[in-house]
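Keep the coordinates open as you read.

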Amino acid sequence: MALPKHGITADTPSNIPLGAGAWFKGLAYSDSEWSGTILGATSGGSSIKITPEVKDIEIDGALALAKGLAVMQGGTGEAEVNFAEINADILKMTTLGEVLSTSDDGYVEGFDCIQTKNAIVAGDYVENLGFVGYTADGSKQIVVILDYALCKSGFQLDPKNKENSVIKATFTAYGGIDTDLDRVPIRIYYPKAN
């Protein structure tokens with residue numbers, strides 16, 4: 001039998017990720033469904049990157065890499081989200097800031113005033129930052145969750161005439177302090193094949 005000229009199968013439409021998906025905080029699975037708080041609309045797509053750190057053990061006399069001599073040395077996980085809308089939560093996340101209270105200097109009635117802080121606190125980490133997308137035929141959900149995410153890219157707004165502004169936020173995944181910290185703290189949920 002000759003090999004096919006393409007890789008398309010009957011399962012292909014249910015295995016192609018399609019569309020922008022949506023971003024949530026507090027994304028969790030309970031009672032047979034996902035729930036979380038939507039972060040905001042996006043524009044220009046997003047990206048998720050999991051990068052393992054691999055150490056190749058060098059042995060004198062070996063001129064090529066050898067199977068079995070590669071060792072995991074940790075890794076990193078990142079999500080880049082292009083927010084098309086601004087709200088106080090997005091501003092707090094991207095600036096590692098806080099909302100001023102009515103007794104703070106700089107408070108103005110009728111406004112949320114977000115200012116930067118001088119220290120990172122537990123609430124600055126977004127717990128279960130999650131992405132939910134779908135396959136081309138809509139039959140499968142693809143879910144990615146960063147255990148704890150910290151936006152380290154900062155806040156930048158580039159307003160332009162006749163264009164909507166986008167806030168590019170890059171989140172880095174962190175593990176919980178009470179975990180083993182021996183894996184990249186991102187989980188991908190992909191439905192099992194029938």
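**A charged network**

At 26% relative accessibility, arginine 187 counts as partly exposed. The model is a predicted one. Arginine 187 makes a salt bridge with aspartate 147, and the closest N and O atoms are 2.7 Å apart. Arginine 187 sits in strand 10 and aspartate 147 in strand 8, so this pair ties together parts 40 residues apart in sequence.

Aspartate 147 has another partner. Its side chain also meets that of arginine 183 in a salt bridge, at 2.8 Å from N to O. This pair, too, links distant parts of the chain. Aspartate 147 belongs to strand 8, while arginine 183 lies in the loop between strand 9 and strand 10 (186–189). The two are 36 residues apart. Through shared partners, salt bridges join Asp147, Arg183 and Arg187 into one network.

Is aspartate 147 buried or exposed? At 9% relative accessibility, aspartate 147 counts as buried, because the cut-off for buried is under 20%. Arginine 183 is partly exposed, with a relative accessible area of 46%.

How many salt bridges does a search of the whole structure find? The search finds five. One of them pairs lysine 25 with aspartate 89, with the closest N and O atoms 2.9 Å apart. Lysine 25 is in strand 1 (residues 17–30) and aspartate 89 is in helix 1. They are 64 residues apart, and the pair links distant parts of the chain. Lysine 25 has a relative accessible area of 26% and is partly exposed. Aspartate 89 is partly exposed as well, at 34% relative accessibility.

Now turn to the nonpolar packing. The largest nonpolar core has 20 residues. Which of them touch the most other members? They are Trp23, Phe83, Leu129, Leu146 and Phe171. Several elements each supply at least two residues of this core: strand 4 (70–83), helix 1 (88–95), strand 7 (126–135), strand 8 (141–151) and strand 9 (167–174). A second, separate core has five residues, among them Phe24, Leu27, Val143 and Ile145.

Set aside residues up to four places away in sequence.

Leaving aside neighbours within four places in sequence, lysine 168 is in contact with Glu80, Val81, Asn82, Ser153 and Gly154. How far apart are lysine 168 and serine 30 in space? Their C-alpha atoms are 31 Å apart, and 138 residues separate them in sequence.

The cysteines come last. A disulfide is a covalent bond between the sulfur atoms of two cysteines. How many disulfides does a search of the whole structure find? The search finds zero. Cysteine 113 is in no disulfide, and its nearest cysteine sulfur, that of cysteine 151, is 19 Å away. Cysteine 151 is likewise in no disulfide. Cysteine 113 is partly exposed, with a relative accessible area of 23%. Cysteine 151, at 2% relative accessibility, counts as buried.

Key
Residues numbered from 1 in each chain as written. Predicted model: local features only at pLDDT ≥ 70, side-chain atom pairs only at ≥ 80, totals over all residues. Heavy atoms only, no water. Core = buried A, V, L, I, M, F, W, Y, C linked by side-chain atoms within 4.5 Å. Buried < 20%, exposed > 50% of the residue type's maximum accessible area, 1.4 Å probe, protein only. Helix = DSSP H or I, 4+ residues; strand = E, 2+ residues; numbered from the N terminus. Contact = heavy atoms within 4.5 Å. Salt bridge = Lys/Arg side-chain N within 4 Å of Asp/Glu carboxyl O. Disulfide = S-S within 2.5 Å.
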